[in-house]
Amino acid sequence: MPKKIPMRQCLGCREMKPKTELIRAVKSPEGEVSLDFKGKNPGRGAYVCQSSECLKRAVKSKALSRAFGVEIPQTVMDALQSKLEE
(Lines give C-alpha, C1' and ligand atoms only; values in the text may rest on other atoms or scores of the structure.)
Protein backbone atom coordinates (compact mmCIF):
# COMPACT_ATOMS: atom_id res chain seq x y z
CA MET A 1 0.00 0.00 0.00
CA PRO A 2 1.54 3.36 -1.03
CA LYS A 3 2.29 5.90 1.66
CA LYS A 4 -0.15 8.83 1.85
CA ILE A 5 1.34 12.21 0.92
CA PRO A 6 0.08 15.04 3.19
CA MET A 7 -1.39 17.91 1.16
CA ARG A 8 -1.70 21.56 2.25
CA GLN A 9 -3.21 24.64 0.62
CA CYS A 10 -1.04 27.58 -0.41
CA LEU A 11 -2.36 30.91 0.89
CA GLY A 12 -1.28 32.69 -2.31
CA CYS A 13 -2.54 30.55 -5.20
CA ARG A 14 -5.02 28.49 -3.11
CA GLU A 15 -3.81 25.24 -4.73
CA MET A 16 -3.38 21.98 -2.83
CA LYS A 17 0.24 20.83 -2.97
CA PRO A 18 2.40 18.29 -1.12
CA LYS A 19 3.44 19.62 2.28
CA THR A 20 7.14 19.18 1.46
CA GLU A 21 6.93 21.64 -1.47
CA LEU A 22 5.61 24.49 0.69
CA ILE A 23 7.13 26.86 3.24
CA ARG A 24 5.44 26.80 6.65
CA ALA A 25 4.88 29.81 8.86
CA VAL A 26 3.84 28.93 12.39
CA LYS A 27 2.20 30.79 15.27
CA SER A 28 3.45 29.31 18.53
CA PRO A 29 1.16 28.78 21.54
CA GLU A 30 2.76 31.92 23.02
CA GLY A 31 1.59 33.94 19.99
CA GLU A 32 4.98 34.37 18.28
CA VAL A 33 5.03 34.02 14.48
CA SER A 34 8.09 32.46 12.82
CA LEU A 35 9.14 30.34 9.86
CA ASP A 36 9.38 26.58 10.26
CA PHE A 37 11.47 24.90 7.57
CA LYS A 38 11.35 21.42 9.13
CA GLY A 39 7.57 21.42 9.69
CA LYS A 40 7.92 20.18 13.27
CA ASN A 41 7.41 23.28 15.46
CA PRO A 42 4.25 23.22 17.60
CA GLY A 43 1.47 25.67 16.82
CA ARG A 44 -0.86 26.77 14.05
CA GLY A 45 0.70 26.46 10.60
CA ALA A 46 0.05 28.30 7.34
CA TYR A 47 1.68 27.42 4.04
CA VAL A 48 2.97 29.37 1.03
CA CYS A 49 4.45 28.05 -2.24
CA GLN A 50 8.13 28.57 -2.86
CA SER A 51 7.41 31.28 -5.43
CA SER A 52 7.57 35.03 -4.94
CA GLU A 53 4.32 35.44 -6.89
CA CYS A 54 2.38 33.40 -4.33
CA LEU A 55 3.98 35.35 -1.48
CA LYS A 56 2.97 38.65 -3.10
CA ARG A 57 -0.63 37.45 -3.43
CA ALA A 58 -0.71 36.24 0.17
CA VAL A 59 0.65 39.57 1.44
CA LYS A 60 -1.70 41.63 -0.73
CA SER A 61 -4.77 39.72 0.47
CA LYS A 62 -3.45 39.67 4.08
CA ALA A 63 -3.96 35.90 4.07
CA LEU A 64 -1.13 35.21 6.55
CA SER A 65 -2.47 37.78 9.02
CA ARG A 66 -5.97 36.31 8.71
CA ALA A 67 -4.72 32.74 9.16
CA PHE A 68 -3.08 33.61 12.48
CA GLY A 69 -5.37 36.40 13.67
CA VAL A 70 -2.38 38.69 14.33
CA GLU A 71 -0.25 41.11 12.34
CA ILE A 72 2.80 39.38 10.84
CA PRO A 73 6.12 40.97 11.95
CA GLN A 74 8.21 42.52 9.17
CA THR A 75 11.19 40.37 10.19
CA VAL A 76 9.21 37.21 9.35
CA MET A 77 8.16 38.66 6.00
CA ASP A 78 11.77 39.63 5.22
CA ALA A 79 12.99 36.13 6.14
CA LEU A 80 10.33 34.57 3.93
CA GLN A 81 11.26 36.83 1.01
CA SER A 82 14.97 36.05 1.39
CA LYS A 83 14.22 32.30 1.49
CA LEU A 84 12.34 32.59 -1.79
CA GLU A 85 15.24 34.45 -3.43
CA GLU A 86 17.69 31.58 -2.68
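Helices (H or I, at least four residues) and strands (E, at least two) are DSSP runs, numbered from the N terminus. The structure is a predicted model, in which local features need pLDDT of at least 70, side-chain atom pairs count only at pLDDT 80 or more, and totals for chains, interfaces and linings use all residues. Residues are numbered from 1 along each chain as its sequence is written, and side-chain values use heavy atoms, without hydrogens and water.

The protein chain holds 3 helices and 5 strands. Their order along the sequence is β-β-β-β-β-α-α-α. The C-alpha trace spans about 45 × 30 × 25 Å along its principal axes. Of the 86 residues, 35% count as buried (under 20% relative accessible area, with a 1.4 Å probe and protein chains only). Contact means heavy atoms within 4.5 Å. Among contacts between residues at least 6 apart in sequence, 45% join residues at least 24 apart.

The charged side chains were counted next, with Lys and Arg as positive, Asp and Glu as negative, and His and the chain ends left out. The protein chain has 17 positive and 10 negative side chains. The centres of the two sets lie 8 Å apart, each charge being placed at NZ of Lys, CZ of Arg, CG of Asp or CD of Glu.

Gln 81 lies in helix H3, which covers residues 74-85. Apart from neighbours within four places in sequence, Gln 81 is in contact with Ser 52 and Leu 55. Ser 51 is 30 residues from Gln 81 along the chain, and their C-alpha atoms are separated by 9.3 Å.

Notes: Buried means under 20% relative accessible area, exposed over 50%, partly exposed in between (1.4 Å probe, protein chains only).
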